[in-house]
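This report covers the sheet, the helices packed around it and a few local backbone features. Please keep the model open while reading.

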Amino acid sequence: MSPKVLIETAPPGMDDPPPKPVVVSSAKPQSRTRFVSAAVLAVEVAWLIVQSIFMILDAVYHAIKPNEGKDLTGKLVLITGAGHGLGKEISLQFARQGCRVVCVDINKVGNEETVREILQEAEKANMPGNGRPRVKGYICNVADRKKVQELALLVTKEMGEVDILVNNAGILTEHSFRDATPEEIDLTINVNFTSHFWTIQSFLPYMLKRNSGHIVAIASVASFIGVANFSTYSATKFAVEGLMSSLHEEFRSKQKDIKLTTIHPYFINTRPDLIKGWHHRLPLITPDRVASAVVRGVRRENVSVTIPKFLFYLLAFSRFFPQSVIDIWRDVFYTHITPPNKLPGAQVFSNGVANGIAGKKEL
């Protein structure tokens with residue numbers, strides 16, 4: 001009789017893999033993490049408040065007792081739209097600070113006149129040139145990217161690396177939105193806004209290489225508020241403000257020595273025949289007043305300059321109110337623009353008014 005072999009078999013289900021343990025999470029660690037995050041945020045906010053108070057007090061002090069700012073003697077300044085109007089006045093005032101000036105315009109006659117006046121003033125003041133050209137004019141359409149790149153190479157070769165770039169060239173178009181032509185819209189955007197990309201991209205590499213430089217953009221109060229019959233112009237100035245604000249964020253941590261200044265002037269009285277259709281409660285400002293603010297803003301390294309200054313605070317304050325309140329205030333402090341083709345007996349001029357653009361009127 002053969003022996004019995006006992007084979008033990010596992011109960012049903014014992015061969016299956018053991019079930020994974022169930023992890024019961026505790027709410028306490030998560031609550032602790034949220035508490036720590038909230039505490040850190042509270043400390044940061046408290047420190048921000050302390051810093052803000054000191055910064056506000058410092059700003060108030062310097063508003064009451066402003067400093068003269070940095071010395072600009074010997075700096076190379078390039079101004080676009082330098083042939084007339086505001087650009088001409090900016091060129092003259094930088095030259096009076098002892099700067100070397102590069103005048104850029106598409107209008108050869110006007111540009112040469114600006115260069116001639118700078119040389120005459122320098123000769124009368126016996127300002128030394130230190131063996132380098134004090135001023136030189138260049139003809140360039142700043143709306144053409146390739147031409148601007150060629151300009152940057154030529155200026156660097158003949159005059160040296162630009163220290164201060166002033167994007168001033170612009171075209172002023174007065175029309176109702178419905179009357180704006182595609183050509184008018186394209187030209188205004190390309191000159192007033194897109195050209196800033198071409199000039200900054202062309203001259204910024206030299207500034208980054210030596211970790212110093214200053215970029216100035218001539219915007220407008222129209223960067224903050226729209227004006228009827230100014231839709232294309234206002235849109236480009238809003239865009240310039242957005243561009244400079246974005247660049248400020250890019251540069252303020254990594255390239256602190258590349259300074260940016262945006263100028264927001266109220267409407268400028270350059271020529272009486274250009275403002276026939278302008279109706280305004282506040283007085284117009286003069287080109288020399290704006291140019292002085294530009295130079296002062298560069299010397300003090302101001303990020304933003306509004307002319308007149310009280311408009312900055314008035315516009316900022318107005319944002320606390322509903323649109324209906326803003327509208328009634330604008331009815332009192334009004335600015336109305338009547339397009340040239342709507343004026344009684346007026347002749348229609350092609351594509352509005354321009355600053356630094358051939359075939360147009362100056363701003």
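A crossing of two helices is right-handed if the near helix is turned clockwise from the far one by less than a right angle, and left-handed if anticlockwise. By that rule, α4 passes α5 in a right-handed crossing.

This is a predicted model, in which local features need pLDDT of at least 70, side-chain atom pairs count only at pLDDT 80 or more, and totals for chains, interfaces and linings use all residues. Residues are numbered from 1 along each chain as its sequence is written, and side-chain values use heavy atoms, with hydrogens and water left out.

## Overall content

The protein chain holds nine helices and 11 strands. Helices (H or I, at least four residues) and strands (E, at least two) are DSSP runs, numbered from the N terminus. Of the 363 residues in the protein chain, 40% are buried. Buried means under 20% relative accessible area, exposed means over 50%, and partly exposed lies in between (1.4 Å probe, protein chains only). Contact means heavy atoms within 4.5 Å. Among contacts in the protein chain with a separation of 6 or more, 72% come from residues 24 or more positions apart.

## The sheet

Seven strands build an open sheet with parallel pairing. Their order is β3-β2-β1-β4-β6-β7-β9. Two strands pair if DSSP finds at least two bridges between them. The edges are β3 (135–139) and β9 (304–307), each of which pairs on one side only. Direction ignored, neighbouring strands of the sheet are turned by 15° against each other on average.

Within the sheet, β1 (residues 76–80) and β4 (residues 164–167) run parallel and are joined by three bridges. Ile-79 has Val-166 in β4 as its bridge partner.

Two helices lie across these strands. Helix α4 (residues 145–158) lies across β1, β2 (100–105) and β3, and runs at about 160° to β3. Helix α7 (residues 287–300) lies across β4, β6 (213–218), β7 (258–265) and β9, and runs at about 160° to β9.

## Helix packing

Axes are lines fitted to C-alpha atoms, for helices over the stretch in contact, and angles run from 0 to 180 degrees between N-to-C directions. Angles under 35 degrees count as roughly parallel, over 145 as roughly antiparallel, 65 to 115 as roughly perpendicular, and the rest as oblique.

| Helix pair | Angle | Axis separation |
|---|---|---|
| α2 (residues 85–96) and α3 (residues 108–124) | about 25° | 10 Å |
| α2 and α7 | about 50° | 8 Å |
| α4 and α5 (residues 182–210) | about 30° | 8 Å |

α4 is thus roughly parallel to α5. On the α4 side, Arg-145, Val-148, Gln-149, Ala-152, Leu-153 and Thr-156 make the contact. They meet Trp-198, Thr-199, Gln-201, Ser-202, Phe-203 and Tyr-206 in α5. By class, this contact has six nonpolar, five polar and one charged residues. Ala, Val, Leu, Ile, Met, Phe, Trp, Tyr, Cys and Pro count as nonpolar, Asp, Glu, Lys and Arg as charged, and the others, Gly among them, as polar.

α2 takes part in two of the tabulated contacts. With α3, α2 is roughly parallel, and the crossing is right-handed. Lys-88, Ser-91, Leu-92, Ala-95 and Arg-96 in α2 meet Glu-113, Thr-114, Glu-117, Ile-118 and Glu-121 in α3. The residues of this contact are three nonpolar, two polar and five charged.

With α7, α2 is oblique. This crossing is right-handed as well. Leu-86, Glu-89, Ile-90, Gln-93 and Phe-94 in α2 face a set of α7 residues in contact, including Pro-287, Val-290, Val-294, Val-295 and Val-298. The contact of α2 with α7 divides into nine nonpolar, two polar and two charged residues.

## Backbone features

Where is the cis peptide bond? The bond from Ile-307 to Pro-308 is cis, with omega near -5°. Pro-308 is found in the loop between β9 and α8 (310–318).

Asn-229 is a residue other than glycine with a positive phi, near 65°. Asn-229 lies in the loop between β6 and α6 (231–254). Its relative accessibility is 25%, so Asn-229 counts as partly exposed.

Glu-301 also has a positive phi, near 60°, without being glycine. Glu-301 sits in the loop between α7 and β9. At 36% relative accessibility, Glu-301 counts as partly exposed.
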